[in-house]
Amino acid sequence: MEEMPKTYDPQTQEPELIQKWIDAGCYQRNKGVGDCTVVIPPPNVTGILHMGHAMDDSIQDTFIRYNRMRGRSTRWILGTDHAGIATQTKVDKKLKSEGISRLEIGREKFLDACWDWTHEYGGTIVSQIKRMGCSVDFNDEKFTMSPEFSRAVRRVFCDWYHEGLIYRGKRIVNWCPNCCTAISDDEAEYHDEKGHLWFLRYPLVEPVDGVEYVTVATTRPETMLGDTGIAVSPSDPEKAKLVGAHVMLPIVNREIPIFSDWHVDANFGTGFVKVTPAHDPNDYAMGQTHDLPQINVFDEHAVVVEGYGEFTGMDRDQAREAIVAWFEGHGLLDHIEELDHSVMHCYRCDSALEPWLSEQWFVAVDKLKQRATQVVRDGQIKFHPARWTDTYLTWMDNLKDWCISRQLWWGHRIPVFHCDECGWEDALMEDVDTCPKCGHHVHQEEDVLDTWFSSQLWTFATQGWPDDTSELAEHHPTKVLVTARDIIALWVARMIMSSLYCTDEIPFEDVYIYATILAKDGSRMSKSKGNGVDPMELMDKYGADAMRYNLLTLITNNQDVKFDANIDKKTKKLIDSPRTEQARSFVTKIWNASRFVQMNLDGYVPGAPVAKTAEDAWMLSRLARTVAEATEQLETYNFGDYARNIQSFFWGDVCDWYIELCKGRLLDGTADEKLQVQRNLVYVLDVSMRLLHPVMPFVTESVWDALPASGLDAHDAQFLMVAKWPEPEDLAGFVNEAAEGDFELAKRVISCVRSTRARYRLSPKAELAVAVRCGEAEAAVLAGQEGFVRSVGRVSEFTAGADVEKPAGAVSVADGGLEIFVDLGGLVDLAAEGARLKKELAKAEKELAGVERTLGNDGFVAKAAPAVIEKKRSQQVELTATIAQLKAQIADFS
């Protein structure tokens with residue numbers, strides 16, 4: 001047997017293993033009992049891996065590898081999204097840098113440039129996913145603009161169009177004047193901004209009871225050019241006398257009515273609200289109710305249109321400044337107040353969005369959402385964690401018609417054709433040039449579909465729908481969708497609606513929402529802030545196993561997690577990540593422990609594990625219990641518990657205890673004792689590597705490859721990733737609660753002895769006398785474990801019982817129902833030690849008082865950076881714990 005290398009190098013081992021797995025076909029779909037198909041949320045074709053992707057893909061691969069080992073039919077579908085706005089923006093910038101205008105070269109050549117860009121840069125994120133060790137089928141990659149996917153998109157559009165689910169209408173949309181396209185409500189990002197509330201006077205056409213003007217309050221004075229009404233609240237009796245009167249709109253001299261409407265908050269501003277139906281959703285609704293004209297004062301670039309004199313040609317910011325100056329110059333600016341408010345921005349270019357009246361295509365969601373709501377209410381689709389169920393249902397209850405048209409060139413062009421001659425219009429599966437009604441030339445819609453319209457079909461359009469549905473019969477619905485909370489509305493809900501309509505099936509059985517990964521200080525990671533962590537840098541520094549494992553340990557029931565990483569402010573490169581460093585230490589621990597066992601297998605012959613000693617019985621029972629726990633945790637999507645539990649088991653139980661306890665038999669035992677302990681160790685390692693493999697595939701594969709066959713497994717699989725998962729029922733016979741309880745009791749005593757050695761800086765070789773005050777049952781167990789306690793704990797004398805007294809010169813340690821006395825004898829100058837501890841206590845208490853004074857200073861808390869406050873609070877926690885520990889040690893001498 002070839003000896004394992006002294007050190008494990010992930011940068012060498014990981015890429016080599018990836019290639020071996022791919023060459024052997026391990027990533028391709030496999031047949032089994034029970035289906036586990038998962039679709040990867042398609043990243044943007046031009047994107048690169050970020051921490052959200054890394055978390056998502058680590059979870060998915062853990063789940064896929066686990067199910068593959070369980071012998072289920074596994075299929076993990078890979079693909080990318082054409083990302084309409086993102087790709088078009090990148091290509092636009094590239095062309096501009098070359099002095100080329102999109103408008104000059106035309107649509108066809110621009111689309112050619114988009115395809116060139118996609119082919120050149122589209123594989124980056126796929127190669128990064130591959131580097132993570134994700135066992136996705138790279139030979140069957142999907143793309144939302146492929147011919148077969150495009151046909152599916154067109155089919156859905158045509159079907160919905162002909163059934164009246166898709167219609168064209170003039171509505172207020174969120175318009176990006178930079179990207180020059182509509183943006184859905186769910187894609188808009190809200191930024192808190194410092195702004196103003198301008199109070200403008202609008203003169204009445206005829207005074208009412210001596211009132212000559214009304215004062216409106218607005219955050220957007222530039223839109224007043226399009227005002228067509230003034231609204232007041234029906235619950236405001238003071239203004240009732242003005243309802244029905246008219247004002248003369250300044251600048252444009254347009255006569256507009258005053259009316260009452262429930263949209264108005266009587267407590268906002270003055271209670272008089274300017275109504276601009278073409279530039280505000282609420283105003284649009286009021287305009288519809290009260291039959292007000294809809295006047296667009298901006299063009300697609302948010303520039304004032306013709307007809308407004310000196311203001312024509314100004315952008316919205318210039319118009320705001322000029323209009324406020326005009327009101328001030330004409331004595332109509334009442335006053336200005338400071339106002340913090342939330343402003344919608346484009347998620348792609350960060351421009352402030354403009355509510356803008358335009359003709360767009362919409363999906364009538366009322367006809368789709370009822371069933372999509374019901375399948376979640378009745379549990380056909382379950383959210384994990386369950387709290388996201390309410391988020392989904394609340395959003396569905398308030399769902400508005402979906403604007404699906406985008407004013408772009410890159411994307412699925414809307415397949416609607418028009419004849420200007422006779423007015424014929426239809427949505428068609430195939431392009432046409434001539435009108436079937438009158439024979440004249442027809443033209444196709446210029447707009448493309450919202451990217452989410454195509455990606456909503458992901459679970460079934462990637463599996464041959466609508467032309468070949470043979471795959472759907474085997475692999476649909478899919479098992480679980482792993483995704484982020486911010487696209488529950490954008491993607492998850494739409495997938496459910498479209499799947500129910502197109503396949504009459506739910507798209508997935510479960511939705512797992514992973515936590516949002518924040519920067520170390522709790523803020524959102526972003527390129528502009530320079531606090532984003534690059535997963536590729538993490539893998540380069542620590543290896544993929546360490547990154548993946550660390551990410552899973554971060555998972556709790558919280559919706560946000562802070563990622564422990566330090567970033568260089570100048571270069572924006574990773575300095576270090578202490579938690580990922582700890583995860584790498586775990587990788588090293590796995591390697592070193594396994595290497596020790598492998599180096600001590602001379603004369604090994606495969607055979608069954610047998611509990612020959614108390615530690616054997618404890619270990620095999622703990623192993624069986626851990627197999628059952630890990631299996632349950634992965635079946636129920638408790639990935640964080642799985643990762644933390646398996647580390648506690650392997651590092652604590654296997655390495656720190658069992659391997660250490662086996663060393664005596666390995667080195668000094670009889671031939672039979674040595675062989676049996678070898679068999680036990682190989683079996684424990686074999687099963688442990690299988691348990692760890694889903695989250696840490698590389699190091700476990702390398703260790704398993706170096707292990708000989710264990711007694712209960714032929715070890716004949718080519719790779720660990722396709723070996724059998726240890727089934728809980730196969731190990732159930734090892735469960736021995738009495739052995740676990742007895743051994744854990746002895747462990748507690750030994751742990752207390754060890755902590756006492758560390759506390760008082762005693763040599764690990766110094767033998768100590770130990771007495772334990774406990775109940776009769778515990779005393780009987782400890783009497784049976786005396787040899788173990790003496791040898792492992794380096795204990796010279798040992799007694800246990802209910803009547804045990806504290807010896808002179810001993811310190812006491814409480815542990816549950818046990819009171820453990822460790823006789824320090826002449827090893828420690830108790831008086832000097834007591835004085836030293838009191839001095840340390842005084843120092844710690846003084847430091848704590850200073851920290852608490854700082855945190856109690858309201859001025860400090862208000863002005864200090866969050867990271868500084870967090871550091872102070874951490875100091876407070878640490879000092880409090882230190883003081884409690886020092887007091888406990890001082891009490892030992894009383």
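How many positive and negative side chains does the protein chain have, and how far apart do the centres of the two sets lie?

## Charge

The protein chain has 95 positive (Lys and Arg) and 138 negative (Asp and Glu) side chains, with the centres of the two sets 6 Å apart. His and the chain ends are not counted, and each charge is placed at NZ of Lys, CZ of Arg, CG of Asp or CD of Glu.

## Ground rules

This is a predicted model: local features need pLDDT of at least 70, side-chain atom pairs count only at pLDDT 80 or more, and totals for chains, interfaces and linings use all residues. Residues are numbered from 1 along each chain as its sequence is written, and side-chain values use heavy atoms, leaving out hydrogens and water.

## The whole chain

Along its principal axes, the C-alpha trace spans about 105 × 70 × 55 Å. The chain holds 28 helices and 31 strands (DSSP runs: H or I of at least four residues for helices, E of at least two for strands, numbered from the N terminus).

Of the 894 residues, 53% are buried, meaning under 20% relative accessible area with a 1.4 Å probe, protein chains only.

## Around Leu-666

Leu-666 sits in helix α19 (residues 639-668). Is Leu-666 buried or exposed? Leu-666 is buried, with a relative accessible area of 6%.

Setting aside neighbours within four places in sequence, Leu-666 is in contact with Phe-596, Asn-600, Lys-674, Val-677, Gln-678 and Leu-681 (contact: heavy atoms within 4.5 Å). Gln-678 is 12 residues away in sequence and 7.4 Å away in space, C-alpha to C-alpha.

Technical notes
Buried means under 20% relative accessible area, exposed over 50%, partly exposed in between (1.4 Å probe, protein chains only).
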